[in-house]
Amino acid sequence: MDTNEFFAPVRANTDSGNTASPAASDSAVGDSGPATEAANTSSEQSAAKPAAAKAERFPVWVDLHAPTPDEIHEIEERFGIEIPTREEMQEIELSSRLYDEDGALFMTVSVLTKATTDAPQTTAVTFILVKKTLITVRYADPVPFKTFIRRVKRSPSLANSAEAVLFGLLEQIVDRLADLMEQTATDLEGLSNQVFISPDEKNSDADHRETLRQIGRTGNLSGKAKDSLLNLHRLGLFLSTQARLKKDAKARLKILSRDIVSITEHANFIANKVTFLLDATLGMISLEQNNIIKIFSVAAAAFLPPTLIASIYGMNFEFMPELGWEFGYPVAIGLMVLSAVLPLLYFKRKGWL
């Protein structure tokens, strides 16, 4: 559970000609939960009521990370909305992920997380744009959120409005996907060299087990990245139909949509290359298996004549001229050796060995 509120930087009061008080302009970022409030005496509260009403500020971003039911209920009461449950966030229907409810925009997308591990995952994140506040509901901690929160704490101007925070988060998610696709492409180059390396090389993966595992992980990562990009593309189309967005927000949305299309094309290229490498690896395994079977087949064919000769002289018939012959044993051994060597030489000359 980690609930934070972020406030826009305080600006000068142009109506009265006075700037905001130092107490109101300390920080643009607040790390207190939604239920945290300052405690004052009754006399201080009655004296500060007019000033508090005049200086009341609403957060531009409320970030709900693994919220408790009490926190969700408090946010719902505070903003007059109904936050989707965790089960509803997992639904794939477009109408359940992108909709407008009483002027509040609800947008749920799949965000890639644990991308650098052997088991990358996607987690559902809901963006709720209500009045001048953005509410995010998430049950994981993806890298883009960590990065954007650090950036906001360094540069509070990045959170001067709810739309700015929304597009900042979306851009951070897209940048993260772009970095992952670039790294994945680099890893695939190494895998390609590993697949087609000569078996005699020192670094060759003879049984291709590790190569198959890496290809499977890369394919899993690219598939989840494409799923996240598809969700972001749908979100972009949904936002493009909203008249409430300002001109600069629409410009950022246009750039973001172009980036999503570009990264999606790159993800498709990676998916095709993963399929190619998988087929190539399985082909290499099949060739090695065929070589092993060929060796056994050649060995069986080469030792068939000696086996035939040994079988004949192992019949133990009473009347066999060679049994009483002084040189019968060495002649039989010589015939077996010769009948084995001649087929091997023939197979080698044909290139079958």
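Of the 353 residues of the protein chain, 36% count as buried (under 20% relative accessible area, with exposed meaning over 50% and partly exposed the range in between, for a 1.4 Å probe and protein chains only). The model is a predicted one, in which local features need pLDDT of at least 70 and side-chain atom pairs count only at pLDDT 80 or more, while totals for chains, interfaces and linings use all residues. Residues are numbered from 1 along each chain as its sequence is written, and side-chain values use heavy atoms, leaving out hydrogens and water.

The secondary structure comes to 10 helices and seven strands (DSSP runs numbered from the N terminus, with H or I over at least four residues for helices and E over at least two for strands). Among contacts (heavy atoms within 4.5 Å) between residues at least 6 apart in sequence, 70% join residues at least 24 apart.

Turning to charged pairs, the structure holds seven salt bridges (a side-chain nitrogen of Lys or Arg within 4 Å of a carboxyl oxygen of Asp or Glu). One of them joins Asp 63 and Arg 138, whose closest N and O atoms are 2.6 Å apart. Asp 63 lies in strand β3 (residues 61-65) and Arg 138 in strand β7 (residues 133-138), so this pair ties together parts that are 75 residues apart in sequence. Both partners are buried: Asp 63 has a relative accessible area of 0%, and Arg 138 has one of 2%.

A salt bridge also brings together the side chains of Arg 252 and Glu 171, at 2.8 Å from N to O. Here too distant parts of the chain are linked, with Arg 252 in helix α8 and Glu 171 in helix α6 (residues 162-195), 81 residues apart. Arg 252 counts as partly exposed at 29% relative accessibility, and Glu 171 is partly exposed at 25%.

Within helix α7 (residues 209-240), Arg 213 and Glu 210 are three residues apart and therefore separated by about one helical turn. The closest N and O atoms of their salt bridge are 3.0 Å apart. Arg 213 is exposed, with a relative accessible area of 53%, whereas Glu 210 is partly exposed at 36%.

Helix α8 (residues 247-302) also holds Lys 273. This lysine counts as buried because its relative accessibility is 17%. Leaving aside neighbours within four places in sequence, Lys 273 is in contact with Leu 188 and Glu 189.
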